Each structure stands twice: as structure tokens, then as C-alpha cells.
Amino acid sequence: MAVYNYDVVVLGSGPAGEGAAMNAAKHGRKVAVVEERKEVGGNCTHLGTIPSKALRYSVKQIIQFNTNPMFRQIGDPRWFSFPDVLRSAEKVMSKQVASRTSYYARNRVDVFFGKGSFADEHTLEIVDGSGAVDKLVAKEIIIATGSRPYRPADVNFGHPRIYDSDTILKLNHTPRTLIIYGAGVIGCEYASIFCGLGVKVDLIDTRERLLNFLDDEISDALSYHLRNSSVLIRHNEEYEKIEGVDGRGVILQLKSGKRLKADALLWCNGRTGNTDGLGLENVGLHPNGRGQLEVDENYRTSVPNIYAVGDVIGWPSLASAAFDQGRSAAGNIVSNDAWRFVDDVPTGIYTIPEISSLGKTERELTEACVPYEIGQAFFKSIARAQISGEPVGLLKILFHRETLEVLGIHCFGDQAAEIVHIGQAIMNQKDGANTINYFVNTTFNYPTMAEAYRVAALDGLNRLF
């Protein structure tokens, strides 16, 4: 058994682990990363963000080809199978692995491939694929092991037609009908992907509206466009039983008495932190019922030299936030200014069309009795959207009637996740610089989607009296 000594050891090489390792290494610490897979990148690269967004992009291109009259000169509308579009995602995944592998090599970060567990608060035992054991001794340890789909015990995920958001990437055919149980972000994204491939989708929502953390108008727009793409949405439903049918399909029994049958079922109802098997009992750490660890504002657990970041601590469970959380945990360790508590995170929801938002919703401002006004820009009137053939969507700015401070940015439509960052930059300005007047007094390139900010700002200011 070999023993290695480090300043910092990071468990996990997803966005959170990578952010932590890079920041610590760039500030002179001796760093090692432990990755259970045979390649770096974590769930983000291999199972979650990268493959699902690559799939979504391919499907969006297919939709454009099949619906744009200009392409009829090239050929008739074409049908593509799920394995066809999955192959394009796999190419992106391999490129991501190559890039991230080079980051560790370039920054002299040692990578150990194997399963890591705590022997004590400063010692990790690493078991590789051959069963060999190494010991890593570190001053500080950062847990960034991510999460996996929550699997209730009464659902048979061993059935060949029952999938979760990890195993769906092994789907080797295109079902004609699909039930998606769970209408959170992942469920809605996959509903967009599969209906774009011509699959008849039943989307089962356990709540009364889709993504109820969004502004109501944006949630309504998503519901409309999913239904317009033939997705059947069923709200306020819970499963009673899920049965496989001789390997050829699935029957979903709902508590309301409804029975649904489809070629396959995709479970998208919650996630669990990857903390089992880490030997946390050896250091006195106790995850909650969803396998998540509690941390303070410095991302430190109750054990002073052990930190936790990313999906393993819960909210917001976004790759963007995970990277910054990892970087911040390492920033605390190296005692520099490269850290912060990550609480300013825009949503990025890659449905078709996509959604992004930041700040307060109309519902929240109304309940708080804040005197706000609305500025809107509809994409159908924006020149760039007309040129690109993406007229669906809007940009919505919520601002204070008296101070003109921007309180919320909500965007639905093509490139929403990019567009929101302009508003984010203004909302983060201090000393009165956060004002909707910025969008009126600044010249935007034309034609661009950014111009929607000027249009929305003028619309809102014209409502004042």
C-alpha cells in the first residue's frame, strides 16, 4: 500500500471538484483528485449537463431542418432516431474529457482513479479497479462527489423499459410513446428532446404547474409550447405503481385512478447525493435523507478540515454554481479573495425554447408589496430573431417604479441562457448603478438579441406616470 501526502485532496472531478482543484493548485498547493470513473469530468460530462444539452442541440437542428421551407430544396423532412442524435452527444463528451484531462496535467494535479473513502479526517483510502489500495493523507479534503437520480425502492429500474436520467443515455431505440414521471427541470428538458424526435410524451407533474419557481408567465409559456409540440401534461399526480409489461412496455398506475401505458418510462423525480460508501461515519459526518451534507457559508462541514461543494450539498444543483462553489471552498483554504458564498445564480433551463431567469418573480414582488413595473420585448419583433427564424419568446424586465432598480430578469426563447447575463451584470452593480436606464442610455449592436433589453426598457419606462 502506497501512501501519498497532499495539501488538498478533492473527491470528484465534476465542475465542483475541478473548480476546487484548479484554484488550490494555482495558489501553490499540492493537490490530488480522486475520480471513481476511468475518466475525469464527473456526472456533468458523462451523464448530465453535457450529453443532455448536446442532445437538445441536435434535436433543435432537426426541428429547424424539418420545419424551415428553405430546406425543402435540399430534401424532404427526415426522421432521426434517438441513437442517431446520441452519437453526436458522445463526440462532445469525448472532447470535454480530453480538455479537462489536460487541465489537470497542465496544473500538476495528480488524478487517482478509484473509489475513495475516509479512514479518518485526514486520510482517504483509494481502491482502484484492480483492487489495489492507496492512502492519501491531506491537510484539507473537499467532497465533490455529485449526485445521482433518486430511485424509490418500489420501482424496478432493472426492467429494460424503465429508465432514469442516467440510464436513458443507453437507450438503443426510439420509443413511439414515452411517460416522463417528474416535471422538474430534467423532466421538462427531456420532454422537449423526445417530442422533437416525434415521440408521443406524457409528462407527469406532481405539482400544480410546471417549474413553479419560475415567473408565472414564463411557466405558462413553457406549458403552452410543450403542449403545442403534442406533450400531454398531467398536473397534481402521483404514482401508485409502475409495472413492466413483458419487456415491451410500461404501465403507470396513478393515485388518482388513471392508468397510462407507454413503450418506456423515464423517471425524473429527484436526486440523491453520492455520499454512501464514503466512510463518513468514520469522521462523524451524517448526510440527510437525500444523501446531502450540511455546510456553512465557507462550504465547511462540521469537521473543520473537510469541505463539501456541488450537488452533494443540494441547492442549486447546477454545474455553473458547482464550479464556483468548488473554487470558493479552495479559496477559503488558500486564504485569498477568490471565494464567495454562491447565492446569485441564474437559472438555465434547456427546454425548446430555453429559459433563463434571475432575481424576483412577479409573484414574489406582489406578495412583498414592492411597487414594480414591467418592461417586455417580444422576440417576434426583434430583427435578429426574425433573421434567425426564432420568433418565439420574450425578455421581461421587472424594475422598481421609483428607484428604477432592476429586480428581476426573465427570458424565454432562443439563447435565453446567454441573454440573461447582460441583465445579471447590471443587477450586480452597486451604488445606484443598477438601473433600467442603463439599457436606454447604452447603444447595442443591431441586429442582436441584446437589443431586446433596450426595447424592454423603453416599454417599461413608457408605463410610468
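The structure is a predicted model, in which local features need pLDDT of at least 70 and side-chain atom pairs count only at pLDDT 80 or more, whereas totals for chains, interfaces and linings use all residues. Residues are numbered from 1 along each chain as its sequence is written, and side-chain values use heavy atoms, with hydrogens and water left out. Helices (H or I, at least four residues) and strands (E, at least two) are DSSP runs, numbered from the N terminus.

Helix H1 (residues 15-26) has 12 residues and reaches 16 Å from its first C-alpha to its last, close to the 16 Å expected at 1.5 Å a residue, where the expected span is 1.5 Å times one less than the number of residues. Of the 12 residues of H1, 11 are buried, so this helix is largely enclosed by the rest of the structure; buried means under 20% relative accessible area, exposed over 50%, and partly exposed in between, with a 1.4 Å probe and protein chains only. Among the buried residues of H1 are Pro15, Glu18, Met22 and Asn23. Their cover includes strand S1 (2-11), strand S2 (31-35), helix H2 (42-46), helix H4 (82-106), strand S6 (133-143) and H7. After H1 comes Gly28, with a positive phi near 85°.

Axes here are lines fitted to C-alpha atoms, for helices over the stretch in contact, and angles run from 0 to 180 degrees between N-to-C directions. The axes of H1 and helix H7 (residues 319-334) come within 7 Å and cross at roughly 30°, and this crossing is right-handed; a crossing is left-handed if the near helix is turned anticlockwise from the far one by less than a right angle, and right-handed if clockwise. Contact, meaning heavy atoms within 4.5 Å, involves residues of H1 including Ala16, Gly19, Ala20 and Asn23, and residues of H7 including Ala322, Phe323, Gly326 and Ala330. By class, the residues of this contact of H1 with H7 are nine nonpolar, four polar and two charged, where Ala, Val, Leu, Ile, Met, Phe, Trp, Tyr, Cys and Pro count as nonpolar, Asp, Glu, Lys and Arg as charged, and the others, Gly among them, as polar.

H1 also packs against H4, at an angle of about 25° and with the axes 10 Å apart. H1 and H4 are therefore roughly parallel to each other, since angles under 35 degrees count as roughly parallel, over 145 as roughly antiparallel, 65 to 115 as roughly perpendicular and the rest as oblique. The crossing of H1 and H4 is left-handed, and in this contact Glu18, Ala21 and Met22 of H1 meet Arg100, Tyr103 and Tyr104 of H4. These residues of the H1 and H4 contact divide into four nonpolar, no polar and two charged.

H4 has a further partner in helix H3 (residues 49-67), and the axes of H3 and H4 come within 8 Å and cross at roughly 130°. H3 and H4 are therefore oblique to each other, and their crossing is right-handed. On the H3 side the contact is made by Ile50, Pro51, Ala54, Leu55, Ser58 and Ile62, which meet residues of H4 including Phe82, Val85, Leu86 and Val92. The contact of H3 with H4 has 11 nonpolar, three polar and no charged residues. H3 also holds Gln61, which is partly exposed, with a relative accessible area of 39%.

Helix H5 (residues 185-196) likewise has 12 residues, and reaches 17 Å from its first C-alpha to its last, close to the 16 Å expected at 1.5 Å a residue. H5 is mostly covered, with 10 of its 12 residues buried, and the buried residues include Cys188, Tyr190, Phe194 and Cys195. H5 is followed by Gly198, which has a positive phi near 85°.

Most residues other than glycine have a negative phi, and most peptide bonds are trans. The peptide bond from Trp315 to Pro316 is cis, with omega near 0°, and Pro316 lies in the loop between strand S17 (306-308) and H7. A cis peptide bond, again with omega near 0°, joins Ile352 to Pro353. Cys369, although not a glycine, has a positive phi of about 60°, and this residue is exposed, with a relative accessible area of 67%. Gln415 has a positive phi near 65° and is partly exposed, with a relative accessible area of 34%.
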